[in-house]
Each structure stands twice: as structure tokens, then as C-alpha cells.
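Dear colleague,

I am passing on the structure we talked about, and it is shown just below. My notes on what was found in it follow after that.

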Amino acid sequence: MAQIPNLDNAPINLTSIREQSQKELLNILKNVRGKKCLVIDPKLGDSLSLIIQTSILKALFLPLEHGIELRHLSGDPIQTDCSKVVYLVHAQPKLMRFICSNIHNDLSKGLQREYHVYFVPRRTVVCEKVLEEEKLHHMVTIGEYPLYIVPMDEDVLSFELDLSYKECQVDGDTGSLWHIAKAIHKLEFSFGVIPNVRAKGKASVGVADILNRMQAEEPVNSSDIERYNLFSISSPLCRTDSLFGDVILGALCHELVFFLHINNGSVELDASIMGLQQEGKKTKVPLNSSDKLFKEIRDLNFEVVVQILRQKATSMKQDYTEMTTTTQTVSDLKDFVKKLNSLPEITRHINLAQHLSTFTSKPSFLGQLDIEHTIVEAQSYDICFDYIEEQIHKQEPLTTVLRLLILFSITNAGLPKKHFDYFRRELLHSYGFEHIAMLNNLEKAGLFKKQESKSNWLTIKRALQLVVEDTDTANPNDIAYVFSGYAPLSIRLVQHAIRSGWRPVEEILKLLPGPHLEMKRGGFSNSPSFDTLSGVSSSVAKVPDGRRALVLVVFVGGVTFAEISALRFLSTQEGMAYDLIIATTKIVNGQTLIETFMEKLG
């Protein structure tokens, strides 16, 4: 099955973005004439799989003079007979050292090759310095592959910045903010200038500032918009990036929408889980809008997913019984065969659901779910403390424990010094002192820290109605269904911005860490603002060609699938005046977020 997502139903022409990226990649490869070996950074390979399929890439270069071999970059020597090697890598010093090691290995064997290094999305001085230090700069032709945006689905764009949260919060490296602004500016050149901007959080405000500078230096003017004959995105809302950031509370609570560790539109599982007779082998299962059944169930609570799969399987069984016990016309047979085409999809998702149920039915999972809700409700400090302490002493998986501990720390604005020191000491005793670097990273990022002031979490929780009792997961009427009772803070802010603007919650915004801003972009002083459009019928918030106006929601630091589901839920509500496009540095969950901070001494 094709892994590349179907973008036909996207609110804007995302296919054009993908086709431009395909064209730029093919031009790079065609410019290096003759047979070549393309060596790809493994992480980049996942991104490229959403841009162009490997089979298509190879087919385009089938003639011998243009043939292409594909390899993944590692510290091991490249095994190829090609005289030309093209490296396609992220601009990271570690990867440059791998490349230098490969070239030195070739030189030691007397091999003469032509080397090309293309940085994604742009070259950096630091990486070129590595080549100079290794005295290889003169042997390498350097270029750029400007892949700033990867369409993940019909309504989701990724900037593919895995480490942006840690880089900003821990390392003080704000380079990813320039990357995000550049990506948004590229969108503006295709679809028009964004006239209204709201941002919350230091990093998000930083992106907005850079975006304004880019517009001043390289303006998108009205003639560009007319040439493309498209419409402008009405407003992005850049996401909060600090303690109450998108990444944090959403990622640390277990998502109860159809959840799997999905990476770049697919999930890798043991083949046996999918009913394949390939013992010990892995298989990739594509999960995006191209799969009609997945599109139907992906934003539902897991309990509801199981019910729908059961109904579909029962219906298929009844159809089969009718076919074998009664006389059917040729037309009836044709309809039945057509239904059978969906059988592989149903089987695949039943296998996935069965796999997930082995986790969701465990008492340990249900216990953790209960304690997450207790922590978010902030009513029983001692119960939460004792539970986390017990988890540490039982040496439960470190990421599981940290997930709870960080959530506990955030909702309490940090822990009292006595408790902070105690948990820190117990973690090191239970899991090893090599994790001290990771704990320092978490403290520096403000995720697990000492309490310096009284927590205002209860005030925020009540004012924004973040905890919703008696949530109906089967027929949801609030975004809280995605976490079975917790409404993601980030999505509540988007909801307020769209429906009534931020002015009614101005005082609450001030309680959240980091600055916030609202501004009109230059040259659009006469365009309707978010506030004047909020709450109006969809006929008012339409662009000249009759389509709904767009809101671009940008998440700096990462977004979870549950938060994406909550936004999709908002977009389908009666009276909603906008289509929503989601852009993010990376799709994350609690485990992947915590893993970015994990460093071991020695």
C-alpha cells in the first residue's frame, strides 16, 4: 500500500508543496550526472517517504547512465561501486563526522570518488567547519535542499524539527525559530500573506517577530497572490512553548483517541501482530488519510473505535451469511464484492486494536490513567506523591515515571525543595547516576523543578474549564473527550481565539508563562480581525471564492495526535467559520518528548 498521504481533500493545495519538493530533489540528483549512490540521513529518510516513494525515485533513474543506489548514512563505510556519492543530510556536526569518516575510508583504499553534500534545509558554518578541520572541504561540492515543510496529511504540516523544544529550552539555540518562520513565509508566497497573528509564549512570539522581518526584507505582494489565484490564510495562532505549552500537558497525559507510536504517517510493528507469517520481522503499516477506515476512526476515543470495528465486522459477517443462504442477483454479487475490497483495511485495524487492547486493559495502564486525572485535577497532592514514589521504587520504565513526575511538577509550579531533592535522589538511586545530565536538562527546561511561587493551576483550570466531568466519548460535545475528561490547554486557547478572541481571557493569559501578542500585519489594516470574525456565521468568514477562511495553528515544540483530533473536532462544529490547518515542529507523545532530554554521562 502507498505510504505517501493523499492530499486531494486538503483546504489548500498542499499537493503543490509536495510536488515542488519532489522537483527540487530530482533536480539535485539529475545535476549529478551518471550513476550515483544517494546516502540519506536515516531520520531524513522518513520525511522523504512522505514526499516521494522509493520505488518512484528508483524508476526515474533506471537507465544505466542515470542509475541510483540508495543507502543510509552511518559510521560504517559505504558499500558501493558508484564513482559519485550524494549525501542528503540534516545540518548536524555528528552527521558530518560520519561523512568525513566515509571519505577517509575511501582515501585509505585509494578510491577516487566525486562527493556532493546537500544540507536540509540549509547549510551551516558549523558543518562546513567540520569539513575544513578534516581537510576535506576541497573534495566536497556543497549544496542545499530547502525542505522546510512536509505535508503529513490533508490538514497537518510538519517542519520536521525533532529537537526544537530541547534546543530552545535547554541549549539556548533558537535556530529552529528561524526555520519555522521561513516555512510559514514560504506558505505565504504560495497562498498569500497572513493578516492577523496571535502568539503565546517566548518562542512563538519570537517566530512572529522573525516572520515580520522576513516580510519586510522579502515581501509577498498582492500581485503574487493574484498570480496564484488563491486566498490568504486568515490567521495563525502560534502555540505556547513554555510550562503550560502544547507539548507538555497534552503529551504527558495518555491519549485515548486511536493511539499508536505513529512516525511520519506509519507505524512499525512485529509482522506477527498484523497476522503475517514472518517470525521476528518488522512491518510498516501506513496510517494516514489514504486509508479511509483510519480517517473515519483516527479521531475517536479508543473505546468507540473498538465498537465501530465490531459493528463493521458483524455487518460483513451478516452480508456473507445472506450471500450463502439466499439467491442473489448479479447486481447483488457485484455490491458484495465491492464491500469485500474494504476487508483488508478492517482486518488491519482489528489487528491493531487487538494489539492496543493488550496494553489498555492492564491494571497498570488503568492505574496510571487514574493518577494522571488526579494530578490534573490538583486535589490530592499526597496521593500523587505516594504513587510516583512507589513507581520509582518498583523501577517502572523511566519514561513512564518521568511522564507522571513532570506532570506533577508542572501542575504544582514545581515541587517543594524537600520533595524535589527527594525524588531526584531516588531516581538516581533506582535508575543510575548516569541520568543526572537528563535531570539537569529537565530542570533547565522548567519541566521538573523546585517550587518558587504558589501554583495558579487551579485558577487556570477552572477559568478555561480544562477538566470536564461526565465526558461523552461516544457522542462528544467538548474537546475534552480526547483525554477522557481533560481539555488540552493549547486547544482551549485556540477555541477562545476563534470564538470570542483573547480579550475575555486576557487575565488568564497573563497567568501562563511567557508573553503573548496580537497584531495585524503591515498592509492589511483594513482586513477583518480575528475578533470581528469570531462567532459569526460561516457565510461571513469566507474568502472571495466562497470557501471558508483558514486558520493556521502553529505548534512550536510539538503537537500530539490527541490535540490534532481536538482541533479537527472544533473544525466540524456547527457555526465554525474556519477551516483549520495544523503546522508543527514535530508530532510527539510523552515518550518521544522525554527521550529528547535523555543524555547519559559517560
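Of the 97 residues in the largest nonpolar core, those that touch the most other members are Leu-88, Tyr-145, Leu-402, Phe-423, Leu-427, Leu-442 and Leu-567. A nonpolar core here is a set of buried Ala, Val, Leu, Ile, Met, Phe, Trp, Tyr and Cys residues joined through side-chain atoms within 4.5 Å, and buried means under 20% relative accessible area, with exposed over 50% and partly exposed in between (1.4 Å probe, protein chains only). Helix α17 (residues 398-411) supplies the largest share of this core, 9 residues. A second, separate core of 35 residues includes Ala-10, Leu-14, Ile-17 and Tyr-148. As background, nonpolar side chains tend to be buried together in soluble globular proteins.

Please keep in mind that this is a predicted model, in which local features need pLDDT of at least 70 and side-chain atom pairs count only at pLDDT 80 or more, while totals for chains, interfaces and linings use all residues. Residues are numbered from 1 along each chain as its sequence is written, and side-chain values use heavy atoms, with hydrogens and water left out. The mean pLDDT (the predictor's confidence in each residue, from 0 to 100) of the protein chain is 82, and 81% of its residues reach 70 or more. Over residues 223-248, however, pLDDT stays under 50, and it also stays under 50 over residues 532-540. Where pLDDT is low, the predicted coordinates should not be read in detail.

For the chain overall, there are 25 helices and 14 strands, taken as DSSP runs numbered from the N terminus (helices H or I, at least four residues; strands E, at least two). Of the 602 residues, 54% count as buried.

As for α17, 14 of its 14 residues are buried. The 14 residues of α17 should span 20 Å at 1.5 Å a residue, and its end C-alpha atoms are 20 Å apart, which agrees; the expected span is 1.5 Å times one less than the number of residues. Just after α17, Ala-413 takes a positive phi of about 55°.

The other helix I looked at is α24 (residues 561-571), of which 10 of the 11 residues are buried, among them Leu-567, Arg-568 and Ser-571. In the loop between β13 (549-555) and α24 lies Thr-560, which counts as buried at 0% relative accessibility. The side chains of Thr-560 and Glu-563 are joined by a polar contact of 2.9 Å, meaning a pair of N or O atoms within 3.5 Å where, within protein, one must be able to donate a hydrogen and the other to accept it, and where residues adjacent in sequence count only if both atoms are side-chain atoms. Thr-560 and Thr-584 are 24 residues apart in sequence and 9.7 Å apart in space, C-alpha to C-alpha.

Ser-571, also found in α24, is buried with a relative accessible area of 18%. Its side chain reaches the backbone oxygen of Arg-568 at 2.7 Å, and, leaving aside neighbours within four places in sequence, Ser-571 is in contact with Arg-548, Met-576, Tyr-578 and Leu-580.

With best wishes

Notes. Contact means heavy atoms within 4.5 Å.
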